[in-house]
Amino acid sequence: MLAARTSTARNVQRIARSFSTVVDTAGVKVAAIDHNQPTSSVTVFVKAGSRFEPKEGVANALKNFAFKSTTSRSAIGTVRESELYGGVLYSSLGREHLALTAEFLRADAPYFVDVLTSFVTSAKFTRHEFEEYVAPIVSSEAEAAAQDPATRAIDAAHALAFRSGLGSSLFAPAHNDITVGDIKAFAASAFAKGNIAVLGTGIDQATLSGLVEKAFAKASATSATSAPASKYFGGETRLEGNSGPQTVFIGFGTTGAPSAELAALSAHLSPTPSVKWSKGLSPLASLPEGTSVQAVYLPYSDATLFGLLVQGSTSSGVKEAGKAAVAALKAAAQGIKAEELKSAVAKAKFAAASALDTREGLVAALGSKVFSGSEASLESTLSSLDGINAAAFSKAAAALISAKPTYVTIGGSHLPYADELGL
């Protein structure tokens, strides 16, 4: 067992060290990792998340315009050529970044980097593509989110916690008046070199830097987009829900850089067991039948939303599970045993390190580091978790719950109010 742990630790260190230092290439930050795997990926990050949108839903619409017509090729041309090469293209939206990703065979890097960058540098944003393809997807994503109580609760929690900025929804309003002009204007301000970072896997730094330099040679060099510093407010809202489980989100927010202590707190409270079908040793391991609690830890560049998502088939069950969740959070603020802290830190470290196992997790974990220009490795994250002590842990938890809570209910009118759970 010790040998296996030592081997795993060495693998994590090897992976972390294999990341190149972030370099500035033609005004764009670039980093790459290469394990000599047969496939590669490149993700272009743009500061075009919902935090920066000037109008509700525009960031979502821009995401769905990805890989449509550019001056280099038509939308159908991109589809045909990508399938000919055997690659995969997709886009995703966060509150801070828009991510454009291509996965492909190593030899096809020039083509797929060109596809990604041509959208940033020469998208046409045609009206017919917006009306026929983009607008229907924007609407369907909003409708799907409205039918998912967990998604609705977390989206509403962001609005309560941060109001504007990070509080902006990832989805467009059900009835919106987004136009092609709105999307063009947002793209024009966002698609500048200072707002772009590129992360590659399965491709060496020199190759990626060369392709990026060529692709962005004529890109706009305006200053990076900025947003007002996040402020935490909190609040309570009750939303009707006719589908899915009864849902309550109990949350708190902080401002400033992400905290290792909160990552450990999330791991401590998470009821997910280490052994399948067992209850585990979490303070929330024993919950009423038919209920569940999920720890939510969402760090951003200058704020964090932390919470517990409680769901169940009945309002009474959710109320009892919610009381247990609040009690566990308050108990953590009073202090936990040395063994519990050791377990929480180990689980948090494993969660951070295991993100390296998948390409999506790797990009999510290290993308923001590349964007900020810091070293693209997990060594700093793992070392910060190692530095947690019991006093710092309880202090962070106490400071968290001393703020005004962010409380959201999705479902029937009999769901509990915040004060009924001990908040």
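Predicted model: local features only at pLDDT ≥ 70, side-chain atom pairs only at ≥ 80, totals over all residues.
Which residue lies over the face of Phe233? The residue is Arg163, placed at 3.8 Å from the ring centre.

Strands of a sheet pair through backbone hydrogen bonds, either parallel or antiparallel. In this model, 5 strands form an open sheet with mixed pairing, and their order is E7-E11-E8-E10-E9. Strand E7 (235-240) and strand E9 (291-299) stand at the edges; each has a single partner strand, so one side of each is left without a neighbour in the sheet. From one strand to the next, the twist averages 15°.

Strand E8 (residues 246-255) and strand E10 (residues 303-312) are paired in the antiparallel sense over 10 bridges. Thr255 stands opposite Ala303, which belongs to E10.

Two helices lie across strands of the sheet. Helix H9 (residues 260-269) lies across E8, E9 and E10 and runs at about 10° to E10. Helix H10 (residues 315-334) also lies across E8, E9 and E10, but its direction is at about 145° to E10.

**Salt bridges**

Side chains of opposite charge can pair when their charged atoms come close. A search of the whole structure finds 12 salt bridges, and the table lists three of them.

| Salt bridge | N to O distance |
|---|---|
| Glu141 and Lys63 | 2.8 Å |
| Arg95 and Asp155 | 2.5 Å |
| Glu420 and Lys319 | 3.4 Å |

The side chains of Glu141 and Lys63 meet in a salt bridge. This pair links distant parts of the chain: Glu141 is in helix H5 (residues 127-146) and Lys63 is in helix H2 (residues 58-64), 78 residues apart. Is Lys63 buried or exposed? Lys63 has a relative accessibility of 10% and therefore counts as buried. Glu141, at 21%, counts as partly exposed.

Arg95 and Asp155 also meet through their side chains. Arg95 is in the loop between strand E4 (88-93) and strand E5 (98-105), whereas Asp155 is in helix H6, and the two are 60 residues apart. Both Arg95 and Asp155 are buried.

Glu420 forms a salt bridge with Lys319. Glu420 lies in the segment after strand E11 (406-411) and Lys319 in helix H10, so the pair ties together parts that are 101 residues apart in sequence. Glu420 counts as partly exposed at 33% relative accessibility. Lys319 is likewise partly exposed, with a relative accessible area of 25%.

Salt bridges can also join into a network: Arg51, Glu96 and Asp302 are linked in this way.

**Aromatic rings**

A pair of aromatic rings is described by the distance of the centres and the angle of the planes. The count for this model comes to 9 aromatic pairs. Why is the pair of Phe65 and Phe125 edge-to-face? The ring centres are 5.1 Å apart and the planes stand at 85°, and an angle over 60 degrees counts as edge-to-face. Phe65 is in the loop between H2 and helix H3 (75-85), while Phe125 is in the loop between helix H4 (109-122) and H5, 60 residues apart. Both Phe65 and Phe125 are buried.

Tyr111 and Phe112 form another edge-to-face pair, with 4.9 Å from centre to centre and 80° between the planes. Both Tyr111 and Phe112 are buried. A cluster is present as well: Phe65, Phe119, Phe125, Phe130 and Phe191 form one aromatic cluster.

The charged end of Arg238 sits over the ring of Tyr417, at 3.8 Å from its centre.

**Two individual positions**

His158 has its place in helix H6 (residues 149-162). With a relative accessibility of 0%, His158 counts as buried. Leaving aside residues up to four places away in sequence, His158 touches Arg95, Arg163, Leu166, Gly167, Leu298, Tyr300 and Leu305. Among these contacts, Arg95 takes part in the salt bridge with Asp155, and Arg163 lies over the face of Phe233.

Val22 lies in the loop between helix H1 (2-17) and strand E1 (23-25). Its relative accessibility is 14%, so Val22 counts as buried. Val22 and Ala197 are 175 residues apart along the chain, and their C-alpha atoms are separated by 9.5 Å.

How values were computed:
Residues numbered from 1 in each chain as written. Heavy atoms only, no water. Helix = DSSP H or I, 4+ residues; strand = E, 2+ residues; numbered from the N terminus. Buried < 20%, exposed > 50% of the residue type's maximum accessible area, 1.4 Å probe, protein only. Contact = heavy atoms within 4.5 Å. Pairing = 2+ DSSP bridges. Axes fitted to C-alpha atoms, helices over the stretch in contact; angles between N-to-C directions. Salt bridge = Lys/Arg side-chain N within 4 Å of Asp/Glu carboxyl O. Phe/Tyr/Trp six-rings, centres within 6.5 Å; stacked < 30°, edge-to-face > 60°. Lys NZ or Arg CZ within 6 Å of the ring centre and 35° of its normal.
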